[in-house]
Amino acid sequence: MAGTNEEAFEATIEVHLLAHGWRHGSPTDYDVVQGLDPVQVFGFLQETQPKELAKLTTQLGAATETKVLQRIASECDAMGVVHVLRRGVRMNGVHLRLAFFRPTTGLTPDLAKAYASNRTLVYRQLHHSESSPHQSLDLMLAVNGIPVATAELKNHFTGQTVEHAKTQYRDPAQRNPKDRIFAKRALAHFAVDPDLVFLATKLDGDQTVFLPFNQGSNGPGRNGGTGNPVNPHGHRTAYLWEQVWARDTWLDLLHRFVQENAASSKRNVLFPRYHQWDVVQRLTRHAATHGAGHSYLLQHSAGSGKSNSIAWLAHRLADLHTPGHPTELAGDASIGVDTLVFDKVVVITDRKVLDQQLQATISGFEHVPGLLQRIDGNSEQLRDALTDTQTKIVITTLQKFPVIAATQLEDKRIAVIVDEAHSSQSGDAAQSVKKVLGSAAEDEDVDDQDLLAAEVNAVLVSAKARGKQGNLSFFAFTATPKTKTLQLFGQRRADDPTQYEAFHLYSMRQAIDEGFILDVLAHYLTYKRYYRLANGLTNDDPEVEKGRASVALARFVDLHPSNLEQRAEIVVKHFQAVTAGKIGGRGKAMVVTRSRLHAVRYVRAIRAYLDKHAITDVHAFVAFSGSLTDPGVSAETPVTESSLNGFPESQTKQRFHDEGQLLIVAEKYQTGFDEPLLHTMYVDKSLAGVRAVQTLSRLNRTTPGKEDTFVLDFVNTAEQIKDEFAPFFETTWTEETDPNLLYNLLTRIESHAVIHPAEQQAAVTALLAGGSGTHALVSANVDPAVVRAHNLPEHALDDLRDALKAFVRAYAFLGQVVPFTDTDLESTYLYAKLLLSKIKSAAVDAGAIDLGTTDLEFLGHKGGLITSGSNVPGEDDGEIEGFTGGGRGSSIEQALTIRLSELITQFNTLFDIDISENDALEIYVGLPAALSDDPAVQQRAADNTEEQFGLTLKHEQIAGALYDRQEASMQLLKRLLEDPNLAQAAWQVVMPETYRAARRKFEETVA
């Protein structure tokens, strides 16, 4: 239908660009071999640099044009397109400029005229390929005849989406990565449909990585997820050609953002993600029109690429000027037109990676030495850098920050960029802030944000006292701002001036949706819920056997985490069963403890368990600051992290990465610890506020093969953790998961008759076997199901896709908790992932980082299936549904059951005693199970009636059994010894239950 096909989409974009400063490029003028448009390149040189061309003509004569074009093409090949556009080429003593970028001020009319002469060109249906001359690109963008970007456009109305554009780029038969336009010219390749945009900087067949280049579901800088908001005036993706490809913006991107390393054997291009470009644009626009003296809070989640954002911002602020006309200045701007806004840019960070990134960024743009200086010495070095005339960007630490207040800088305007501090992992920051805040903070849970607030306040107070007003601007980046940070750097909300918000937001939800971090709440469990799932209990008020003791519930009492030895067993067993096999067998875990003493005792308990069971492939390290004595071991001999680990404290992080599996921490490494292989966290500490988010977020880093995370929490409740995350990430999640839901979903999947058992078995068998023919065999047995799926009505296909996704998420979650023995479930899980990868819905599933063809992760819990492999994040939609369904686990027999709440009520009513759930489990289940383990008790039960057996079971024996059960029963034991009524009540329950259990065990023994 006219107006709805792909050509119409192309025309819409081209018409807009041509109406806004772009020129039409003729596809027939493009030289495929040189990778240039000779007509436009030489035309630009003739128009802008006739004198230089005249000099070359004197030397080269009629061969001038040919040799100039050859020289430009060879420089693009050797040095890269970015280098050629920014610095031009030299030949025969003549310097030729291939682009002119916008001058920083309006005081240079000649430069402004040269800038206006740039030719931004758009080509449609460009035949681009040396290897396949018949192939053509939908769009190619060029600057002065040099290609800088390509685009493939797809239209929903023709049944194609952005996924088809990605496939086209990944197919070497259609887009050969070795063709010059891909290998040596274009810096970015856009896959575009009316709803979504993806970008790749390198074509590499099916390994091509596409990053999302979308605004966010609620628009740029706002809270939301992946995708783009509805555009009332046209396509959702119109921002691409209306804003990003706008002539001035596009040239600025090539000038100030894009980086290219073409000198190495592997060409590397860095192109900003949309939010990175957007935040720098917004900040510099506001600072240019308002001048110095303002504060900006940038709430950017982990995974946002803050290092690059800060590097780009620092470079831009270093030469930022105000507009050229007074009407463009804000009313509160105490600065003139065409004036440098900041004399210095100071970056506060402890991260060496940011230092390196800044160095790379500056060297990519400027070749003037001394513009950037890292302060690695004393305060005098910082003062010198602040007062000299050459240094523009200064990198220092938060601890040296007060030097700014003490330095005579009344005549200088300074931009202070604050990276979310990361020194707290060593504990130094907390000590520093306590010094700043005084003794009142001694017992507070303080971190680098508190130190930052204290230091900045000190500087501002000092500045005000010395008459310095409005010469400091703060740009603060943090993922999890505290209230005081919001008040210090945030802006008042328009709808409620008493509240503060960030100037720009890249949310945790968007980072998760786009696949740059993992959702640590998706697989979060309290220990109580973990136990119930692992034993088939489907709600918080389970049915317990009234007629005889339940082994499963007895085990709950045995393992109830009331002492470190028991928790050490839980940690190690879970690590071995689940975590050790994650990330291709490289998965690691962290135990978060409530104090340094707990950390010391934890690592000893875990190591004792490992030694007792001869486990040699799990190594446990500990991390805490300072030294302490353990009264339980020795009140005089202090221990340190180094003494317990057997190597210097400075090596802990690297040794854990290289050879460790378990890391037990107290405060240390709860923030700022970046270990992508960290998969599981065992929490034995109360977490509140920002600290809860920061701690659990240690798990969210992505790495190839890491598909999910897992949290087992001994202390906090699910509701508490959800509430702490709410201000930073709104998600739908739940702990209530019924394993039997998998069978309900399996029935729903089977009802569509898409998956044939023989094909599934053949695909999974090939997948597990591996080998050179794996890919072909898997495809041969998955593709028929894809065809059948696409033949379904749209509503049925959507239902199948939803059921497959729900099954995959539920199984991946439950596989870390429930020891399944059903191989059909594992097989369906593997096949469902394969099938989903080929029937993804662009509107629903697209929008996340797309890493191309990857392996799958296999849980491998099932007997007879030896599995291995890995996958990468990107499939999950960032939210985990509540997995609920009918049925209950098989660990407890159906007959003669009673609700636990009813049992407790009966006990309390019968004996007029208030008893808790755990105590009820102990009396009804735990004690009978423990007492009946004694062969002598079993023999007496076998030889006597219940009444006679009662005469042989004494209160002291019950107390003795409680003693044996250690700390789990200490409070009940105390009440039992002090309260004769409770002792008698316990006897009346324990005696008959022990009798029945002992008789059953005796019968099992003799049988």
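This section describes aromatic ring pairs and charge-over-ring contacts in a predicted model.

A search of the whole structure returned 24 aromatic pairs. One of them joins phenylalanine 213 and tyrosine 274 in an edge-to-face arrangement, with 5.7 Å centre to centre and 85° between the planes. Phenylalanine 213 belongs to the loop between β9 (211-212) and α9 (238-244), whereas tyrosine 274 belongs to helix α11 (residues 274-290); the pair therefore ties together parts that are 61 residues apart in sequence. Phenylalanine 213 has a relative accessibility of 2% and counts as buried. Tyrosine 274 is likewise buried, at 2% relative accessibility.

A stacked pair is formed by tyrosine 527 and phenylalanine 714, because their planes are at 25° and their ring centres 5.6 Å apart, with planes under 30 degrees apart counting as stacked. Tyrosine 527 is located in helix α20 (residues 527-534) and phenylalanine 714 in the loop between β29 (710-713) and α27 (718-725), so this contact ties together parts that are 187 residues apart in sequence. The relative accessibility of tyrosine 527 is 5%, which places this residue among the buried ones. Phenylalanine 714 is also buried, with a relative accessible area of 13%.

Lysine 166 lies over the face of phenylalanine 198, at 3.5 Å from the ring centre. In the case of arginine 247, the charged end sits over the ring of tyrosine 115, 5.3 Å from its centre.

Technical notes. Residues are numbered from 1 along each chain as its sequence is written. This is a predicted model: local features need pLDDT of at least 70, side-chain atom pairs count only at pLDDT 80 or more; totals for chains, interfaces and linings use all residues. Side-chain values use heavy atoms; hydrogens and water are left out. Rings of Phe, Tyr and Trp (its six-membered ring) pair if their centres lie within 6.5 Å; planes under 30 degrees apart count as stacked, over 60 as edge-to-face and the rest as tilted. Helices (H or I, at least four residues) and strands (E, at least two) are DSSP runs, numbered from the N terminus. Buried means under 20% relative accessible area, exposed over 50%, partly exposed in between (1.4 Å probe, protein chains only). A charge sits over a ring if NZ of Lys or CZ of Arg is within 6 Å of the ring centre and within 35 degrees of the ring normal.
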